[in-house]
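Morning, everyone. Please have the model open on your screens, and let's walk through it together.

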Amino acid sequence: MSEHAFVRKEIVPEQTPPLSSIGIVGWLKANLFSSWLNVALTLLASSFILYVLSGVLPWTFQSIWHASSLTECREIAMATWGKTHGHACWAVINDRWVQLLFGFYPSHLYWRPIVALLLLIVALGPVLFSEAPRNLFYVTAAYPFLLPWLMWGGSLWVSVSVLLGFLVAYIVIKYMVEIFGQLLGVIAAVFAALFWWTFLGAIFSEIAISVLPLSLETVTSRSFGGFMLALLIGVVAIGCSLPIGIILALARQSDLLIVKAISIGFIEFIRGVPLITLLFVASTLLNIFLPPGSDFDIILRVIIMVTLFASAYMAEVIRGGLASLPRGQYEGADSLGLDYWQSQRLIIMPQALKVSIPPIVSTFISVLKDTTLVSIIGLMDPLGLSQGIRANAEWQGIYWELFAFIALLFFVVCYSMSRYSMYLERKLQTDHL
Amino acid sequence: MTVSADPDKASFKPAMLIYDTRYRSMTIQIFVLIAFIIFVFWLINNTITNLFELGKPIEFRFLSEPASYDINQRLIEYSSRDTHLRASFVGLLNTLVVAALGCITATVLGVFIGIGRLSKNWIVSKIMAVYVEVFRNVPVLLWILLAMAIMIESLPAPKAFRGDTATASMYLSDSVAFTNRGVYIPEPLFNNPIGDISLFGTSSMRFDVSLDLLVILIVFFGGIFTSFKIKKWADRTQNITGVRPTTWYLKALVILVPTLVLLWALGFYLGYAELKGFNFKGGTHLRNSLIALWIALSLYTAAFIAEIVRAGILAVSSGQNEAAASLGLRPGRIMSLVILPQALRVIVPPLISNYLNLTKNSSLAIAVGYMDVTGTLGGITLNQTGRELECILMLMLVYWILSLSISAVMNWYNNSVKLVER
C-alpha cells in the first residue's frame, strides 16, 4: 500500500542537548570562547585581571596592622618580607579610623552621632520599604527635629518649639481653610508659624527649659568632621532638596509667568556654576548678604548652599518626569474636577516621581559625593582629615591606605543607594515587558 | 443683542481677586513679585550696609593692579607683573585646556568602555561593569587627589634619569619623560617660521596666535574637506553607474601630501626635552597638576559616558539590527548606517551635559594647585585683594557663560537631529 519504507508512529523522546552546549562547558563556550576573537579577548582580559590582582592582593593582605608610624611599618615590612613597598600599612587606619569617622567630635559623646545614624535607619525604614511597620512614620516625622539636637546638643525644647511652629501652621490650615478658602488659609498658616517662631517660640522654650532642661552638652561645629560630617551634610541636603526640588519643578511648569521666570532663573543660575563657587559663597559671602551682625555656623551655611545646589538639579530631574507624562493625565485629572494641588498629589506626582527614580537617586549619590568638596573650604571631611593625618610626623607620606579607606566608605554608601534604586524600579514596574 | 460671557463691571468685587480663578493667578503673581522684589532689595541693602561697614565698596579697580604671583602652567605669556585680569584670563584658558583635553579622552574611553560592557565576552563585560561602578561611586575629588599622589609619589625624580646607572628611562625613543615634576613631551618647532599675529593689542586679553599652526590647520582641514568632496563624487558615480570608484588613495593624497609639504617648507622638527642640571629643559612641560586633573576627570567622566553610550545602543530596538541584516548589510555598515545614527540621538544630549559637568568639575583644580580660573580669580587674586564679592561674582559669571555656550551647542544639535514629524 505505501511506497514509504518507514513511517514513524510515535514521537521521538526529547534528547538531552549536546554536552558542549549545557552546564559549565556550554556556558564557557557561549560566553568566553565563542569565536577566535572572543578567545583572544578572554585571554587578554584574564591576564589583565591576574596582573592587577597579583599587585593588589599581596598589597592588601600581606599588610601591617599594628605600628605607630610609617617608619615602623616599613621596618616591619623589611623584616618580614624583605622589601618596604608592596605592602599596605593598615596601621594608619587602625590608629585613626575613629578620627576618619567622627572627626574631632568629643569622644565621650560618640554615642550621639551613632544614635542619630541608627534613628536615621529607623526613620528611613518606612520610606524605603513598604514592609516596614507604618507606625515608624512618627520617627520619620520627628527625625528632622531630633537630628540637630543630637548632633549639636543644647536643649530639646528648642527643637520642640520649632516643631510646634509646624503644628501651629497645621492647626491654622485645618480650621482656616474651611472658613476663608485655601489660599487665604495657607497664607494665614505661614504667618501664624512665622509669628510663633519669632515671638512665642523663644518664650515657650525658655519656660520649658527652666522647668525641665532636657539638654545635652553643646558641641561646636568646629569639632564636626570625618565621614559623619559628609553624611550629615549629605543627608540634610538630600532630605531638603527633594521637597524644594518638587516645588521648583512645579513652579517651572506652571502657567504663572512670574513664578515660572523666578524658578527658571534660580535653577539655571545654580546649574551653571560649579558647587565650589557656591561653597566659596558659603564660606566668605553669605554673611555679607545677611543683616549686619548675623554670623551663623559654617556647617549650617554649607548645608544651605549644598541644599540649594541639590534642589536645582532635583528640580530638573523631576521636571523631566513631569514632561514625560502624556497630556491626557493632566486633562484626565482636570476632567475629574480635581483642583491643582489634588491633581498633583493624586495623579501627576506619583507617576512623575516613579519615572524619575533612577535620576533622583543618582542626584542623591552625586550630592553625597560632592560633600567632599567642603574640604577645600577647610572643613574636616574625610579627605580634609587625610591631609591632616599626613601632616603628622608619624604618618607623613602615607597616601594609598587612606585613600582606599575613604573610597571604600563612599563606595559602600553610594553603591547601596544605586542598588536600592534598581530594586525600587523593579518593584514599581507596572508595565509588562 | 450682544451676548457677553464677561461678568458685568459693576459686579466685580474685591473678593474675586482670591476666589475667582480668572483673577486669582494674577493676585498670586503680583504677591510673589512683590515678595521677590522685597527679598532682593533686602539682600542688596544688607550687602551694601555690610560692605560699607567693612570699608570695601564694590569696585573692580583691583583687576588692573599687578597680580604679583606666578602661574607655572600657561598657554600665553604671563609674568607676575601682569594684572589680575590678565591672570584670570590665563586661568580661564587653563580651564578651557583641561576641559577640552578631558572631554576628548573621556569620550574615547567612555565609548570604549560602554561598548565593552555590551561585549558578548563575559569577562570583558564584567571588567567594564566593575570599572563603571568603582568610578561612579567614589567622589571625583578623591580621584584627583589620588592621581596627584601617584604622579608625585610613584614617578621617578629627574635625577633618576641621569648617568649610566639611571633607574628610569624615557619612553618612545627618548621623547617622553614621566617624572615626579611633570611630563615632558617634545614640542613642535619650525626652522623657518612665519611668525605670530597678536590679537587684542595690549589689553589683558592679548594673546599671540602662531601663524604656522594656523596655516597647518587650514591646510589639514582643507584636505579633509576635499576628501569629503571626493566621497560625494564617488557616491554620485555609484548612483549613476553602479560601480563605486576606489578613492582611498585619493583621499590620503589630498589630506597628507599638502600638509607634509607645508611641514617640510616650514622646517618642522621636534624639540626634545633633555636632562640639564637638576631638571629637564626644552620640550613641552605638562605639570603634575594638569596631568593629574586631566587623568582623574577623564577616568571619572568616562564611567558616566560609558553608561550613556550603553543606554544609547540598547535604546535602538533589535528589530532595527535584524531588518538591516536582512537587507544584506554587513555588520560594520549596520553599525554606521542604522544603529549609530539612531543611538546618537539618544546619546548626545546627556553626553554634552557630562561635558558640562566635567568643565564644572575642573574647578577642583584648586585642590591640586592647577591654576585654572578658580585657582587664579577665585583663589590667589581673591586672597590677595580681599575682594570676595567681586571675585566670586566674576567667577560665577565665567562658569555661567561657559555653561550657557555648551548648552547652546546642545540645543542646536538637538534641533538639527530632531525627528521631523509630519
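Start with the interface of chain A and chain B: zero salt bridges are found across it, where a salt bridge is a side-chain nitrogen of Lys or Arg within 4 Å of a carboxyl oxygen of Asp or Glu. Before I go on, some ground rules. This is a predicted model, in which local features need pLDDT of at least 70, side-chain atom pairs count only at pLDDT 80 or more, and totals for chains, interfaces and linings use all residues. Residues are numbered from 1 along each chain as its sequence is written, chains are lettered from A and ligands numbered from 1 in the order in which they are written, and side-chain values use heavy atoms, leaving out hydrogens and water.

Now, how many residue pairs are in polar contact between chain A and chain B? The count is 15, with both residues at pLDDT 80 or more. A polar contact is a pair of N or O atoms within 3.5 Å; within protein, one must be able to donate a hydrogen and the other to accept it, and residues adjacent in sequence count only if both atoms are side-chain atoms.

Which elements of chain A take part? Those giving two or more residues to the side that touches chain B include helix 1 (23-31), helix 2 (36-61) and helix 17 (400-428) of chain A. Helices are DSSP runs (H or I, at least four residues), numbered from the N terminus. That side of chain A has 41 nonpolar, 14 polar and four charged residues. Here Ala, Val, Leu, Ile, Met, Phe, Trp, Tyr, Cys and Pro count as nonpolar, Asp, Glu, Lys and Arg as charged, and the others, Gly among them, as polar.

Next, contact, meaning heavy atoms within 4.5 Å. Chain A brings 59 residues and chain B brings 55 residues. The area buried between the two chains is about 5,000 Å², and carbon and sulfur atoms give 77% of it. Buried area is the accessible area (1.4 Å probe) that two parts lose on being put together, summed over both. On the chain A side, A:Ile288, A:Phe289 and A:Lys369 lose the most area to chain B, together 12% of what that side buries.

Now look inside chain A. Seven residues of domain 1 touch seven residues of domain 2. About 540 Å² is buried between them, 69% of it from carbon and sulfur atoms. The domain interface has zero salt bridges. One residue pair is in polar contact there, both at pLDDT 80 or more.

So where are salt bridges found? Over all chains, the count comes to 15. One of them joins the side chains of A:Arg252 and A:Glu268 (3.1 Å, N to O). A:Arg252 sits in helix 9 (residues 226-253) of chain A and A:Glu268 in helix 10 of chain A, 16 residues apart.

Last stop, chain B. B:Ser68 is not a glycine, yet has a positive phi of about 50°. Find B:Ser68 in the loop between helix 2 (21-54) and helix 3 (84-117) of chain B.
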